[in-house]
Amino acid sequence: MAISSESAAGAMQEKPLAGIGSWVFAGPLILIFCLALPVPFVTNDYWVLIATRAAIYWVLVGALNLVIGFAGQLAIGYVALLTLGAYTTSVLVAGNVSPPVPVFAALAIAGVAGAIFGVIVGLPALRLRTFYFAISTLGFATIITQIALAWQSVTGGGIGLPGPEMPAPFHTHAGFYFFCLAAAGLITWMTANIAHSRFGRGLIAVRDADVAAEATGIRKARLLMMIFVFTGASAAIAGGLFAALQTYITPDAFTFDLSVLFFISILIGGRGSILGPMLGTVILTLLPEFAAPLAAWSTFLYAVLLLVIVLVAPGGIAALLDFGNRRALQTNRTIVPKAALVGHLLTMDKAKSGIALRGVVLSFLGVRAIDGVDLDVEAGKIHGLIGPNGSGKTTILNVISGFYGPEAGSIALGGEALKPGDSESRASQGIARTFQTPRIVGEASVLQNVMIGGTIRGQSTFVESLLCLPRHRGDERTLRSEAMTALSAVGLESLADIRADRLQHSELRFMEIARAFMARPAFILLDEPAAGLSADETLRLGQFVKAISRQGTGVLLVEHHADLIFDICDYVTVLNLGRVLAQGTPAEIRVHKEVISAYLGG
Amino acid sequence: MLASIIASGLAVGAVYALIGVTYNTMFSASRVMSFTAGQLGMLGGVFGSLFVLRLGLPLVVGLVLMLVCCAIVGLVTEFVAVRPVLKSLDQHLYVLSTLALGLMIQQVVAVEWSTEPQAFPRVFGIGGGGILDEKFWLPMLTCAVTICALELLYRRTLTGMAFLAIAEDNFAARALGLPERNLRMASYALAGMIGGLAGFSGGQLLLAFVANGPLLNFYGFVPVALGGLGNNRGAIVGGFALGLFQQAANFLVGGIFSSVAVFMLFIVVLLAAPRGLFGVHLARRV
Amino acid sequence: MKNTRREFAIGTAASAAASAFSFPCPAIAQTEPIRIGWLAALTGASSAPAIGFDRGVRYAAETINAAGGAKGRKIEVITRDTQGDPTKAVNATQEMISQLKVHAVWGPTNSGESLAITPIMARAKMPNIHPCVIDSLIDPEKFPNAFRTSPSNTQWNDAVRTYCIKILKVKKVAIIADTTGYGVAAAKYSTEALKKDGADVVYVANIDATQPDMTPDMLRAKNVGAEAIVVWSTSTGMDARMFNTRATMGWDVPFVGHPSMSSGDIKGLLDKPTNWEKVYAVGYRSCSYDANGKLPPRNEEFVAQLKGKVELSDTLLWWVAGGVDAINLIAKAVENGSTSPDDIIKYWNSVKKFPGYFGDYTWSPTEHNGYPGDDVVMSDASSAKNGAFKLAPGYS
């Protein structure tokens, strides 16, 4: 699928995009680390201690940011992993269960333990609803502390045990500080890499538009598990560093207040941001040191801060600093898709034959939504699906997309059966779709939303993205340029960097189409794409859909705009009460008696 | 021995069950789970001790005042932590706002009242402290009375049926002209009172103790998780089962491990049946 | 306090002269206040001891300053509320060492905090007195700067054990402790010590302090024939529930153990006042009433001095006394030398039977536990008056 470079360059205006390489993103982060470097030389050991603490907390919070801020999993009991890491490191170094282990090896082993436990703590997130999961993490935090208390022979029980001593040159205040600062820097870099990768975008898709995420092929369970492994390992290592800083650990050092601090830092900072939570962590670590008389009220003040943020500025510091999205948008925008560009996005070499439904039956709570439907969508043709409300049109799309498995009947693509209910595989099998109500990530930019569509075509692994290796960079470049092409094709390229929730409803529909292109689908399912469009825009949409089918991609179009259907469709199916009322060419359907009486009127 | 376990298990289970009902009442009115449910239980005990012991008011007056105060806390919850975030339910901001509010309540009590458990007054003065002492059957009695009263409310009165309506189908109820916001506020006030009653009736067992807040948040949620969200009958069964299991674990396994045992059970049951053992099928997502 | 007016006058004149000539003079450094850091868990759980100590600390500082200070120098107490959180304690300790540059530290009051900050203070060679009981906190070789004014866990154990075996003359003992770090450690040490002394430990339990019903555990202890129950819990709620359960069971067993059992707030948690009988909590001779209802003479005078200035009825006398003694020990060290860490530590290493209100302290370069073991006694827990207690029956 070659993109001819001249037309590509002409088609899109290259804008300075805020990717990880841009100064807009990296600048403030680098500035903070530059400010942090001279701390031991201009202040005393006390401030070095506080700064070290902030760095250690950030090692945990930075990784937890991926879980809470990006994936939206409310893990409020994460002090459990800090505890695990602190005890594992200390026990290994002290030699309570094995010969004494050198500190760095102990930290590494703690990281492994954290990775495993991170998965255990995170597993319920796949099955439980948000509030239930939040409570379960609280339970884990309590359990870990109880175990630390009870297992006296190993952990020292209530007496605790000494933390690990760092070897030279990290055993001085300044030396240890620079070590922790380096760790903090590493975490910042790695999480920023993930944020600007298909994994990071996949996480926010799972968080805010999980249905769309499934449809674009993002495997939620696998993705979340990778994040839990990373965050668990990071948090445990932070725990080991915490134990070294405290020089002695007891179970009562791992309070619920710490969990609250970690959690609030991320929310004050803003979801989906790296800089925000970092600032949040620094602020919340420093704050108590300036308000000594208010010590008793510190948790209360944290809670007030959280409440204020949630109610007033749910986007946190990041939203406040997002100057790019303050600029007013041009009003009265019209969408002008460029059908000519469709050829850059979809290829001609589709060998697949069509989608075939046979005798599909599906009920909801006893009501038959689809009652024995046969349907064929051919490659390179536009197939219209119309009918009154409640006739089962969207449900048919949902069955093809794999969100529901039929009670009876079969679905096949290119002769091979499609696994019922397996929504996450459809994208890789060549089926993409849009939704009746746009399912998008409001807080992300339009470009990022479209890039989500290309997730399955990325080549780099999680580790390669973590370390910003060449394949990751190549992926990002390719996805970015392809997404710009897709946006240009649908006529939204001028809005690429704008937050998606600032777009008009109709623009979002086109954005979803751009997203669908990214997977290079063999079939596109469009769910009422013309809703809310002006007459002009509807005409242009029609031309656009025709261009899609000319590229060999099959289109299944659910619509209420009868004119659009009869204008562009090669074949039309009419549904009524879950059954096929009539099938045929537009000309045949237009004069079909039952269709007229049931639906068209007149 | 066994008698003790049963008595204390059912008693503390009744308290947990009532907190579960508090969670359910709040959820039914707003589709939101609130971290203030357990704090309301804690406040029931603290207010009871404050009004009757510290301020020396008669018991009935103290009880009424406690109910009023807890109802107010319920209203505050609705107004401050729930109403503003109802528009963005998918972001689950209610977890954070109710967590924040719950923490604020807890900290104020910790600083202004005490961090140590304080005494709770005798209610009727019946029972010599043995198994038949009022501190065991009072929570059970309160639970039974509350459940019957709620049933009467929901099935026989118009207001109660209105509550059910907005819980079943919010949009339809509004379309019918039911004053959704007022009903929600009333539901939260009611939930506040139920939570307060739970803490008041359990006060002789759990004492007026600020740490009861997070304790009841967790142990009061387990019946909801087991019984299914919004299902009061399931919460009652779950609460008693939890109480018996917990006390049995305390007896057989001892302090530290009993909470581990309860938690393990909670996680295992939830992973096996995420909607609860009697849970209801949720609305379609697509 | 020693007469320091003459020195004070000379010092003032010297500093006035020096400031008139405005060039640095050693005399000015000598009028700099004595900065004492006070690490207090004033809020949070188990804050009662720190509140008591705090009253003594403030009283002592005011009294010394009113008399002109120590060697002409005012005492400045800088308090940090650590809330029982080792993290806050570490931060506050480093602040006191590097930012506030205090001369000595009193506290912390919480054992968990103390375990975390002891190595930090040792590294900075900061002179430190504290009242925490855990044995490993005191080690003249590892921590030459740390001194303890209160008894150690071992000394508490000795008193309890001696009372059970020698005075109550019981053979079978049950141990009930809470599930905090302190309770778990204390139960373990206590079991070992009692067994070594030939007692029969028939039942050991760590119970969650919030468990509402203590009947099963006490029934089990009764069933195995326990003749005394040793209690190591910091929770007054748990204590009260055990006393009430004992009464309901109609069991006559004595409770012997942790000072929390004598805390004033237990009164309101009891079903009947008589439930508090036959409860013997760790106490101190210096703060105990003899058969004639009198404290030792020095403390009688002390209580008289405190009257109207410091409230005693809702706290314990030994806490207030401990706070006063700590300030005095630091002030005396400065008077006998200077505020340099070496001088302070050298002085402390030399005290023999320092006349404090809580105890007569003796330290040496090889022994930093200052409290005389014989002075740890058992008190009748319900007999509090002005924060002091009657001795438990059986003491001479």
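Biologist: Let's say two residues are in contact if their C-beta atoms, placed from the backbone, lie within 7 Å. On that basis, how many residues of domain 1 of chain A are in contact with domain 2 of chain A?

Modeller: Five, and they meet six residues of domain 2 of chain A. Keep in mind that this is a predicted model.

Biologist: Which stretches are those two domains of chain A?

Modeller: Domain 1 of chain A is 20-256, and domain 2 of chain A is 355-430 plus 555-602. Their C-alpha centres lie 49 Å apart.

Biologist: What classes of residue are on the domain 1 side there?

Modeller: The side of domain 1 of chain A that touches domain 2 of chain A has one nonpolar, two polar and two charged residues.

Biologist: What's the mean pLDDT of chain A?

Modeller: It's 88, with 95% of the residues of chain A at 70 or more. Residues 1-18 of chain A are below 50, and that stretch has 24 contacts in the model beyond near neighbours in sequence.

Biologist: OK, sheets. What's the strand order in the four-stranded open sheet of chain A?

Modeller: β4-β3-β6-β7 of chain A, with antiparallel pairing.

Biologist: Why do β4 and β7 of chain A each have one side without a neighbour in the sheet?

Modeller: Because β4 (367-377) and β7 (416-417) of chain A stand at the edges, and each has a single partner strand.

Biologist: How many bridges join β3 of chain A to β4(A)?

Modeller: Eight, between antiparallel strands; β3 of chain A covers residues 355-364. To pick one pair, A356(A) has D376(A) in β4(A) as its bridge partner.

Biologist: Switching to packing. Which residues touch the most other members of the largest nonpolar core?

Modeller: V59(A), L64(A), V450(A), L487(A), A514(A) and I327(C), out of 413 residues in that core. Helix α4 of chain A, residues 45-70, gives the most to this core, with 20 residues.

Biologist: What does L64(A) touch?

Modeller: Leaving out residues up to four places away in sequence, L64(A) touches A75(A), Y78(A), T231(A), A235(A), F262(A) and I266(A).

Biologist: Now chain B against chain A. How many residues of each are in contact?

Modeller: 30 residues of chain B and 34 residues of chain A. On the chain B side, α4 (93-112), α10 (212-227) and α12 (255-272) each give two or more residues.

Biologist: Which element of chain B gives the most to that side?

Modeller: α4(B), with 11 residues. The side of chain B that touches chain A splits into 24 nonpolar, four polar and two charged residues.

Biologist: And what does the side of chain C that touches chain B look like by class?

Modeller: There are 13 polar, eight nonpolar and four charged residues on that side of chain C. The contact takes in 25 residues of chain C and 25 of chain B. β7 (200-207), α8 (215-223) and α9 (236-249) of chain C each supply at least two residues, and the largest share, five residues, is from α9(C).

Biologist: Last one: how far apart are the centres of the two domains of chain C?

Modeller: 32 Å, taken over C-alpha atoms. Domain 1 of chain C is 5-151 plus 299-372, and domain 2 of chain C is 154-290 plus 377-390. 22 residues of domain 1 of chain C are in contact with 14 residues of domain 2 of chain C, and α11(C) gives the largest share of that domain 1 side, four residues.

Note on methods. Residues numbered from 1 in each chain as written. Chains lettered and ligands numbered in written order. Predicted model: local features only at pLDDT ≥ 70, side-chain atom pairs only at ≥ 80, totals over all residues. Domains from an automatic or database assignment. Nonpolar A, V, L, I, M, F, W, Y, C, P; charged D, E, K, R; others polar. Core = buried A, V, L, I, M, F, W, Y, C linked by C-beta atoms within 7 Å. Buried ≥ 20, exposed ≤ 12 C-beta atoms within 10 Å, placed from the backbone. pLDDT = per-residue confidence, 0-100. Pairing = 2+ DSSP bridges.
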